[in-house]
Amino acid sequence: LARLSRATTARSRGSSWAIVVGLVAVVGLLDFLIGVRVSLVLFYLIPIVLSVIWLGWRAGCATAVASTLVRVTGDLANGGYRYPIVASWNRLIDLFMYFVVVLILHALVSLLREVDERVRQRTAALQQAIAERTRLQTELLEISQSERRAIGHDLHDGLGQHLTATSIAANLLANNLTAGSHAAANDARNIVKMLHSAIGTTRKIARGLLLASVTPDELLPEIEGMAAAIRQESPIA
């Protein structure tokens, strides 16, 4: 039913009516050829069901009335009824049955269409939520990378340079103390070593933060810079 209902959008009302009328005519012709002894009452339900699905309940009721009139016309053409009152009552019962089928089918089709629309709305809402979550994740990643770069530059350009200047001053002090044969010369040398170690640690931390935000096209220059820094700090080629 859902597929037939969705297929209505791809078919015009005129072609739908043509199919329904053609089916009523075909069933009526078969009913006329077979005669009154064999009932084809259930076969008229085919165009009635299609008209409800494709065209709505009003069209279904019209098709039910038309099917009943076609059936009565065929029976009259075959010689009529022996008991007209009984036959008329039976045709009214058939018409009532058709109307009941139309109402039930209309309710079912309406329910299916409502469920289908709800599924579409919830699917659209879910897709929108997924897109929003993806956007937020991308935004958070960009913010994180920006903060990493900022902290890395602050460590490298701020604290690293300050420690380098302090190391130079401590080295000058150590040289002066050594030249004067001062007892604190060894302590000054140790301070210089600790400052060099702090500078190296700061550079490693800054390098790690900066590398975390490196794009693929920047990877090779960054690796070359890291290799050059390692060569300066250790005798490793």
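Q: What pattern does the chain follow, read along the sequence?
A: The pattern is α-α-α-α-α-α-α. The chain has seven helices and zero strands; helices (H or I, at least four residues) and strands (E, at least two) are DSSP runs, numbered from the N terminus.

Q: What kind of model is it, and how are residues numbered?
A: This is a predicted model, where local features need pLDDT of at least 70, side-chain atom pairs count only at pLDDT 80 or more, and totals for chains, interfaces and linings use all residues. Residues are numbered from 1 along each chain as its sequence is written, and side-chain values use heavy atoms, with hydrogens and water left out.

Q: How many residues does the chain have, and what percentage count as buried?
A: The chain has 237 residues, and 26% of them count as buried. Buried means under 20% relative accessible area, exposed means over 50%, and partly exposed is in between (1.4 Å probe, protein chains only).

Q: And what share of the contacts comes from residues 24 or more positions apart?
A: Of the contacts in the chain with a separation of 6 or more, 67% are between residues 24 or more positions apart. Contact means heavy atoms within 4.5 Å.

Q: At what angle do helix 2 and helix 3 pack?
A: The angle between helix 2 (residues 13-34) and helix 3 (residues 45-55) is about 170°, and their axes are 9 Å apart. That makes helix 2 roughly antiparallel to helix 3. Angles run from 0 to 180 degrees between N-to-C directions, and axes are lines fitted to C-alpha atoms, for helices over the stretch in contact. Under 35 degrees counts as roughly parallel, over 145 as roughly antiparallel, 65 to 115 as roughly perpendicular, and the rest as oblique.

Q: Which residues make that contact?
A: Helix 2 contributes Arg 13, Ser 16, Trp 17, Ile 19, Val 20, Leu 23 and Val 24, while helix 3 contributes Ile 46, Pro 47, Leu 50, Ser 51, Trp 54 and Leu 55. They divide into 10 nonpolar, two polar and one charged. Here Ala, Val, Leu, Ile, Met, Phe, Trp, Tyr, Cys and Pro count as nonpolar, Asp, Glu, Lys and Arg as charged, and the others, Gly among them, as polar.

Q: How many residues of helix 3 are buried?
A: Nine of the 11 are buried, so helix 3 is largely enclosed by the rest of the structure. Among them are Leu 45, Ile 48, Val 52 and Ile 53. After helix 3 comes Gly 56, with a positive phi near 110°.

Q: How many residues are in the largest nonpolar core?
A: That core has 19 residues, and those with the most contacts inside it are Ile 48, Ile 53, Trp 54, Ala 64, Tyr 98, Val 102 and Leu 105. A nonpolar core is a set of buried Ala, Val, Leu, Ile, Met, Phe, Trp, Tyr and Cys residues joined through side-chain atoms within 4.5 Å.

Q: Which elements give it two or more residues?
A: Helix 2, helix 3, helix 4 (57-77) and helix 5 (84-179) do. Helix 3 gives the largest share, seven residues. A second, separate core of nine residues includes Ala 174, Val 192, Leu 195 and Ile 199.

Q: What does Tyr 98 touch?
A: Leaving out residues up to four places away in sequence, Tyr 98 touches Val 41, Tyr 44, Leu 45, Ile 48, Ala 64 and Thr 68.

Q: Switching to charges: how many salt bridges are there?
A: The count comes to seven, a salt bridge being a side-chain nitrogen of Lys or Arg within 4 Å of a carboxyl oxygen of Asp or Glu.

Q: Which residues are linked in a network?
A: Asp 31, Arg 71, Arg 91 and Asp 94 are linked by salt bridges. In the pair Arg 91 and Asp 94, the closest N and O atoms are 3.3 Å apart. These two are three residues apart in helix 5, so about one helical turn separates them.

Q: Is Asp 31 buried or exposed?
A: Asp 31 is buried, at a relative accessible area of 2%. It lies in helix 2. Arg 91 is buried at 13%, and Asp 94 is buried at 13%.

Q: Which salt bridge does Glu 114 form?
A: Glu 114 pairs with Arg 118 at 2.8 Å, N to O. Glu 114 is partly exposed at 39%, and Arg 118 is partly exposed at 48%.
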